[in-house]
Amino acid sequence: MAALAEGTRAAESGGHPALTAAQVFETARAREEALSRLLMTFVTSGLIFMLFPGTFLGVWNLLKISGRESVASISVAWLQAHGHAQVFGWVGSFILGIGFYSIPKLRGNESSMFRAAWTCWGMWTGGAALRWLANVYSWQWRLLLPFSALLEVAAFLIFFRAVARHRQDDPAKGGMEPWIAVVASASAGLLLLLLANLAGCLYVALLGAGPAFPHVFDQRFLALMAWGFLVLFVWGFSAKWMPVFLGLKPFRPRLLLAAVGANLLGVVLTASGAVSPGAWMFVAGAGLAIAALRMFEPRVKEAKTRGVHASFPFFVRSAYVWLLVAGVLGAAAARWDTSGGIWGASRHALTVGFVAVMILSVGQRILPAFAGMRLLWSTKLMFAGLALVTLGCTLRVSCEIIAYQGYAAWAWSALPASALCELAGLSLFALNIFGTFLFESSHAHKQPLLVSAPEKLA
Ligand code: HEM
C-alpha cells in the first residue's frame with residue numbers, strides 16, 4: 001500500500017522528486033477540481049436535455065397521442081427529436097462525462113487532454129441541440145441534420161482517441177478485463193449508431209420530404225440504439241459496480257460475454273429483417289446477463305447504501321426485471337403488434353424502466369462523489385423520484401398496449417397520468433442532482449486525492 005502511494009506520488013509529481021508532499025497534494029486537488037468541473041458540466045447539460053427537449057417533448061407528444069387516440073396523427077420528426085434528445089443529449093452526455101472523468105490519463109494533468117474533453121463537450125452538446133432544433137422547427141434541416149450528425153461523430157472520435165491513448169500509454173495494462181470488454185463493445189455500438197445516424201441524416205437531407213428518418217430505417221436504428229448501445233453500457237457498468245454496491249458474488253465473465261454475443265446477433269438479425277428471431281436473441285441476452293451478474297442471487301456482503309436511500313438495491317434489481325419485460329414484449333410485438341403499441345411499450349420498458357431507473361439509482365450513488373466528494377442532497381427525493389418513475393412506467397407500459405391495440409378505450413385516459421408521473425420523477429432526479437451541485441459543499445480538499453473518487457467508491 002505504501003509502495004503504491006509512493007509510486008502514485010512520484011507519478012503525480014511528474015517525476016520531480018523535489019516536490020514536497022504539500023505541493024503534490026495541491027496539484028492533485030487542483031486536478032480533481034478541474035475534473036469535477038468537467039463532469040458537472042457534462043451532467044448539467046445532460047440533465048437539461050433530459051428535462052426540456054427530452055421529457056417535456058415526450059409528455060407533450062403523449063398528451064397529443066392520447067387526446068387524438070392515435071399515434072399516427074403526430075409529427076414523426078417530433079417523436080424522433082424526443083428520442084434523440086434523451087438518448088444522445090442525456091444518456092450520451094452522462095457517458096462521455098463519466099468516461100472522461102474516469103480516464104487516469106486526465107489525472108496526469110495534460111492540458112491538451114482537458115482541451116480535448118472540453119471540445120468534445122462543445123461539439124456533442126451543439127450537435128444534439130442542432131438536431132433537436134432541425135427536427136422540431138424544420139429550420140434549415142437539410143443542412144443542420146447532417147451537420148449535427150457530423151458534430152456528434154467528431155465529438156465521439158475525440159473521446160475515443162483520449163481513451164485509446166490512455167490504454168497505449170499505460171504499459172501496466174495487460175489483456176482487457178471482461179467488464180472493460182463489455183464497455184468497449186458498447187462504445188463500438190455507439191460509434192456504429194453515430195455513423196448510422198450520419199448516413200440516415202445524409203439520406204434524409206438529400207432525398208427526404210421532411211426532417212424524419214423513414215419508418216423501417218428508424219425501427220432498425222432504434223434496435224441498434226437500444227440493444228447494441230444502451231443495454232451493453234449498463235451491463236458493463238453493472239459488472240464493474242454491482243458486486244460492490246449490492247454485495248454480490250463476483251460476476252461470471254464468460255456468461256456475460258455470451259450475453260453480449262447474443263445481443264449483437266440480435267442486432268444483426270434485426271438489421272437484416274429477421275425481426276422475430278432477433279427479438280428472441282434479445283430475450284436470451286437479457287436472461288444470460290442477469291445470470292452472469294447474479295442480479296437475483298443472495299448477497300454475500302452488506303449492500304453499500306451509505307449516502308443513498310436504502311431502497312437502492314431494490315430499484316437496481318427492478319431495472320433488470322424491466323429489461324426482461326422489454327425483451328419479452330419485443331418478441332410479442334414481432335408476432336402480434338398491429339398498432340405500434342407493443343413495440344412502444346417494449347421500447348419504453350427499456351428506455352425508462354431499465355435505462356432511466358438505472359441512471360437514477362446509480363447516478364445518485366456515484367455522481368455526488370465524482371463532483372468533488374459531495375453528499376447527495378436528499379435521499380428522500382431519490383426515493384420519491386424512483387418511485388414515481390416506476391409507477392409511471394408501469395402505467396405506461398401496460399396501458400400503451402391496451403390503448404394502442406384497441407383492447408379497451410379506458411386505457412387512453414391513463415396514459416397522460418403515466419406521463420405526468422414520469423415527468424415528476426425525472427424532474428425530482430434533476431432537482432436532487434442540481435441541489436447536490438449547488439447546496440452540498442465539496443469535500444475534495446479534505447481527502448487524500450492520491451486515490452481517485454471512482455477508486456474510493458469501490
Ligand atoms: C416522461 C417520460 C417519457 C415520455 C412521456 C415519453 C414519450 C414517448 C412517446 C409518446 C414516444 C412515441 C412512441 C410511442 O408512442 O411509444 C416515445 C418514443 C421514444 N422515446 Fe420516450 N418518453 C419518455 C421518456 C423517455 C426516455 C427516458 C428515453 C430514453 C432514455 C426515451 C426514448 C425514446 C425513444 C428512443 C423513442 C423512439 C423515437 C423514435 O420513434 O425514433 N423516452 N417516447
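Student: Which residues of helix α8 are buried?
Tutor: This is a predicted model, in which local features need pLDDT of at least 70 and side-chain atom pairs count only at pLDDT 80 or more, while totals for chains, interfaces and linings use all residues. Residues are numbered from 1 along each chain as its sequence is written. Taking buried to mean that 20 or more other C-beta atoms, placed from the backbone, lie within 10 Å of a residue's own, the buried residues of α8 are Leu256, Ala259, Val260, Ala262, Asn263, Gly266, Val267 and Thr270.

Student: Where around the axis of α8 do they lie?
Tutor: The arc, taken from the directions from the helix axis to the C-beta atoms, is only 160° for these residues. An α-helix has 3.6 residues a turn, so residues three or four places apart point the same way.

Student: Which residue with a positive phi follows α8?
Tutor: The phi of this residue is near 100°. The residue that follows α8 is Gly273.

Student: How many helices are there in the protein chain?
Tutor: Helices are DSSP runs of H or I with at least four residues, and strands are runs of E with at least two, numbered from the N terminus. The protein chain has zero strands, and its number of helices is 14.

Notes: Buried ≥ 20, exposed ≤ 12 C-beta atoms within 10 Å, placed from the backbone.
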